[in-house]
Amino acid sequence: MKLALSALIKFTVGLFLVGALIFLPAGSFGYANGWLFIGLLFLPMMILGVVLLIKAPNLLEKRIDAKEKENTQKSVVAISGILFVAGFVAAGLDFRFGWSKMPLWVVVIASAVMLVSYALYAEVMRENAFLSRTVEVQENQKVIDTGLYGIIRHPMYAVTIWLFLSIPLVLGSWWSLLCFVPYIAVIAIRIHNEEKVLEAELEGYAEYKKRVKYRLLPFVW
């Protein structure tokens with residue numbers, strides 16, 4: 001019950017915070033793309049949270065109570081937060097002042113990409129019970145090298161890039177997209193630091209890097 005209450009509080013706070021960042025700059029609750037995004041983000045999040053609460057409560061607890069210890073990762077989290085706030089505010093202002101003219105088909109495709117990304121995110125969590133929001137090596141942790149981890153070393157980050165880049169398109173804002181694009185560089189910095197930690201502290205990770213050569217995108221990087 002304590003875990004369920006903690007998850008519910010974080011979910012509710014996140015919902016109201018994101019809503020405020022979108023609809024206050026928009027100056028209206030008539031921002032249809034904003035409601036579309038809220039639905040696409042929080043309904044799957046709620047479903048995934050319930051599934052984790054029932055099937056993998058330990059993983060859910062790690063996801064909601066995570067705090068970074070590495071200084072580099074603390075900076076990454078801070079920069080990511082700034083980019084997200086800027087992106088949501090930009091989308092709201094874009095709606096208010098009519099800066100962007102985004103075709104409907106772009107919004108539809110972005111919505112589909114967002115849902116597929118969420119499904120892949122859930123699959124990554126199913127494959128890796130050690131998946132945490134922080135960069136750390138946990139007790140009894142082992143290298144996962146099957147499934148998506150047999151294709152790229154960081155499927156979670158690859159999926160989140162697709163997920164986050166689809167957000168401004170769902171919101172119908174090209175200006176918001178400019179705020180989210182730097183997130184790719186932020187993820188690259190996080191991966192570079194994370195792999196140093198894993199190679200130094202996780203047994204077998206150096207050999208895994210030799211077997212699976214690409215971090216995010218096969219045959220590219």
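Guide: Begin with burial: a residue is buried under 20% relative accessible area, exposed over 50% and partly exposed in between, with a 1.4 Å probe and protein chains only. This is a predicted model, in which local features need pLDDT of at least 70, side-chain atom pairs count only at pLDDT 80 or more, and totals for chains, interfaces and linings use all residues. Residues are numbered from 1 along each chain as its sequence is written, and side-chain values use heavy atoms, with hydrogens and water left out.

Visitor: What percentage of the residues of the protein count as buried?

Guide: Of its 221 residues, 44% are buried. Areas come from the Shrake-Rupley method with a 1.4 Å probe, and for residues only the protein chains shown count as cover. The accessible surface of the protein is about 12300 Å², and 69% of that belongs to carbon and sulfur atoms.

Visitor: How many helices and strands does the secondary structure have?

Guide: Helices (H or I, at least four residues) and strands (E, at least two) are DSSP runs, numbered from the N terminus. Here there are nine helices and zero strands. Contact means heavy atoms within 4.5 Å. Of the contacts between residues at least 6 apart in sequence, 78% join residues at least 24 apart.

Visitor: How do H1 and H2 pack?

Guide: Axes are lines fitted to C-alpha atoms, for helices over the stretch in contact, and angles run from 0 to 180 degrees between N-to-C directions. Under 35 degrees counts as roughly parallel, over 145 as roughly antiparallel, 65 to 115 as roughly perpendicular and the rest as oblique. Helix H1 (residues 2–26) and helix H2 (residues 32–55) pack at about 170°, their axes 11 Å apart, so H1 and H2 are roughly antiparallel. The residues that meet include Phe-11 and Leu-15 in H1 and Trp-35 and Phe-42 in H2.

Visitor: Which residue classes make up the contact of H1 with H2?

Guide: Ala, Val, Leu, Ile, Met, Phe, Trp, Tyr, Cys and Pro count as nonpolar, Asp, Glu, Lys and Arg as charged, and the others, Gly among them, as polar. The contact of H1 with H2 has 14 nonpolar, three polar and no charged residues.

Visitor: At what angle do H5 and H6 pack?

Guide: Helix H5 (residues 104–127) and helix H6 (residues 155–170) pack at about 155°, with axes 8 Å apart. That makes H5 roughly antiparallel to H6. Among the residues in contact are Met-114 and Tyr-118 of H5 and Trp-162 and Leu-163 of H6. By class, the contact of H5 with H6 has 17 nonpolar, four polar and no charged residues.

Visitor: Which residues is Phe-164 in contact with, neighbours within four places in sequence aside?

Guide: Phe-164 contacts Phe-84, Phe-180 and Tyr-183. Phe-164 lies in H6 and is buried at 16%. Phe-164 and Phe-84 are 80 residues apart in sequence, with 9.0 Å between their C-alpha atoms. Beyond four places in sequence, Phe-84 touches Phe-164, Ile-167, Phe-180 and Tyr-183.

Visitor: What is the phi of Phe-219?

Guide: Most residues other than glycine have a negative phi. Phe-219, in the segment after helix H9 (205–211), has a positive phi near 70°. Phe-219 is exposed, at 73% relative accessibility.
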